[in-house]
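This report considers how charged side chains pair with one another. Please look at the sequence and the structure before reading on.

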Amino acid sequence: MLDEMDKTILGILIEDARISLKELSQKVGLSSPSVSERLRRLEEKKVIRAFTVDIDPAALGYNLTAIVRVRPLPGMLHIVERLIQEMPEITECDKVTGDDCFIGKLHFRSMEQLDGLLDRLAEKAETNTSIVKSSPVKRRLPPLG
């Protein structure tokens, strides 16, 4: 479990993962070594998995996004999973229960590119694609409590 200080530290890092150790220490009222030790423990426990950047795909020319549901044909589950993993345009994918086996988020620049990407799966899986119009809830963490 996380104590209140860990939650405070995580809350600050969620807002600014680039904050300096000195500034973070000042904000939470602990010494730099104490905060450093807490961060080390949070990383060891895999609470903090990475310090990363959040890049807008549109800034890289990927102005279109789709949610793709994938249902592998019989005997093709592992092959389709590997194909999905090898497609860098699929930026997220979950293996799910229900009629489909995978639900992925796909970024692309044109409808022609989308067709080409889906064609890679066509002989091994059925797909159902929905174009994203907007994202009223951006990717976020569940409550820290």
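E44 and R40 form a salt bridge, a side-chain nitrogen of Lys or Arg within 4 Å of a carboxyl oxygen of Asp or Glu, and their closest N and O atoms are 2.3 Å apart. The model is predicted: local features need pLDDT of at least 70, side-chain atom pairs count only at pLDDT 80 or more, and totals for chains, interfaces and linings use all residues. Residues are numbered from 1 along each chain as its sequence is written, and side-chain values use heavy atoms, without hydrogens and water.

Both E44 and R40 belong to helix α3, four residues apart, about one turn of the helix. Helices (H or I, at least four residues) are DSSP runs numbered from the N terminus. E44 is exposed at 54% relative accessibility, while R40 is partly exposed at 36%. Here buried means under 20% relative accessible area, exposed over 50%, and partly exposed in between (1.4 Å probe, protein chains only). E44 and R40 also join E37 and R41 in a network of salt bridges.

R38 takes part in a salt bridge with D3 and in another with D6. D3 lies in the segment before α1 (4-15) and R38 in helix α3 (residues 32-44), so this pair ties together parts 35 residues apart in sequence. D3 is partly exposed, with a relative accessible area of 34%, whereas R38 is buried at 17%. D6 is buried as well.

| Salt bridge | N to O distance |
|---|---|
| E44 and R40 | 2.3 Å |
| D3 and R38 | 3.1 Å |
| D6 and R38 | 2.7 Å |

In total, the structure holds nine salt bridges.

How values were computed:
Helices (H or I, at least four residues) and strands (E, at least two) are DSSP runs, numbered from the N terminus.
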